[in-house]
Amino acid sequence: MAAAAATAATKGNGGGGGRVGAGEAGGTRKKKGPGPLATAYLVIYNVVMTAGWLVIAVGLVRAYLAKGSYHSLYYSIEKPLKFFQTGALLEILHCAIGIVPSSVVLTSFQVMSRVFLIWAVTHSVKEVQSEDSVLLFVIAWTITEIIRYSFYTFSLLNHLPYLIKWARYTLFIVLYPMGVSGELLTIYAALPFVRQAGLYSISLPNKYNFSFDYHAFLILVMISYIPVFPQLYFHMIHQRRKILSHTEEHKKFE
């Protein structure tokens, strides 16, 4: 999940460096792009996803203006958030069939980790939906995805404005820690309710002779952020310097 929070930055390692979505080329090397039909599909996909996350952003603003408070804004965008975040599962298919040059395994991890947080934590533990931490990661994700899908759309059209490129490789400096903090705090808030209800846990004895403690699993998920977050964050910083400095050098020679 820590990896998935970093989708505002570069291709690099996928999650930490920014999930490789539809239409982004690798690094600074020129790769063969998708064919005309695949490109048209990817443009449509990215436009729809950009619009979807814009709907979420507008929904948040409208709910805030109507209520005059940022508390419990999740309920105002719950349905589109679930729909468009779950829609990102198509990115795994894009990688699997080869129209996007990215690792299927890495993309699967990044996408599924967000889907997990939405459905297996926030949706399943109703008590956390009013937590401010949910709003924290929702805002981080929303800004990140608007920029990311816009980046892919313009890249596919071979007309990428520098402002969007700069935003993609810069705003993660704030958005990544913000998203990770929201995710961790939301999982932490869910722990007592998960333990009390025995949510998704399997206890012995049973005919399969198998046990699973979902509460302990969530704790392990939280612990996994400790080694992952610093590595991904500093990798993104390195990628930002490389990509933006390359852009500046290219401008000088134009």
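Author: Let's begin with a word we'll need: contact means heavy atoms within 4.5 Å. Helices, by the way, are DSSP runs of H or I with at least four residues, numbered from the N terminus. What you're looking at is a predicted model, where local features need pLDDT of at least 70, side-chain atom pairs count only at pLDDT 80 or more, and totals for chains, interfaces and linings use all residues. Residues are numbered from 1 along each chain as its sequence is written, and side-chain values use heavy atoms, with hydrogens and water left out.

Start at Thr-153, which has its place in helix α5 (residues 132-156). Setting aside neighbours within four places in sequence, Thr-153 touches Val-43, Asn-46, Val-47 and Thr-50. Thr-153 counts as buried because its relative accessibility is 8%, buried being under 20% relative accessible area, exposed over 50% and partly exposed in between, with a 1.4 Å probe and protein chains only.

Now for the rings. Rings of Phe, Tyr and Trp (its six-membered ring) pair if their centres lie within 6.5 Å; planes under 30 degrees apart are stacked, over 60 edge-to-face, and the rest tilted. The structure has 19 such aromatic pairs. One of them joins Tyr-45 and Tyr-149 edge-to-face, with 6.1 Å from centre to centre and 80° between the planes. This pair ties together distant parts of the chain, since Tyr-45 belongs to helix α1 (residues 36-67) and Tyr-149 to helix α5, 104 residues apart. Tyr-45 is buried, at 7% relative accessible area, and Tyr-149 is buried too, at 0%.

Both tyrosines belong to one aromatic cluster, made up of Tyr-41, Tyr-45, Tyr-149, Phe-151, Tyr-152 and Tyr-169. Charges come in here as well: a charge sits over a ring if NZ of Lys or CZ of Arg is within 6 Å of the ring centre and within 35 degrees of the ring normal. Arg-148 lies over the face of Tyr-149, 4.3 Å from the ring centre. Over the face of Phe-151 you'll find Arg-168, at 4.8 Å from the ring centre.

Terms used:
Helix = DSSP H or I, 4+ residues; strand = E, 2+ residues; numbered from the N terminus.
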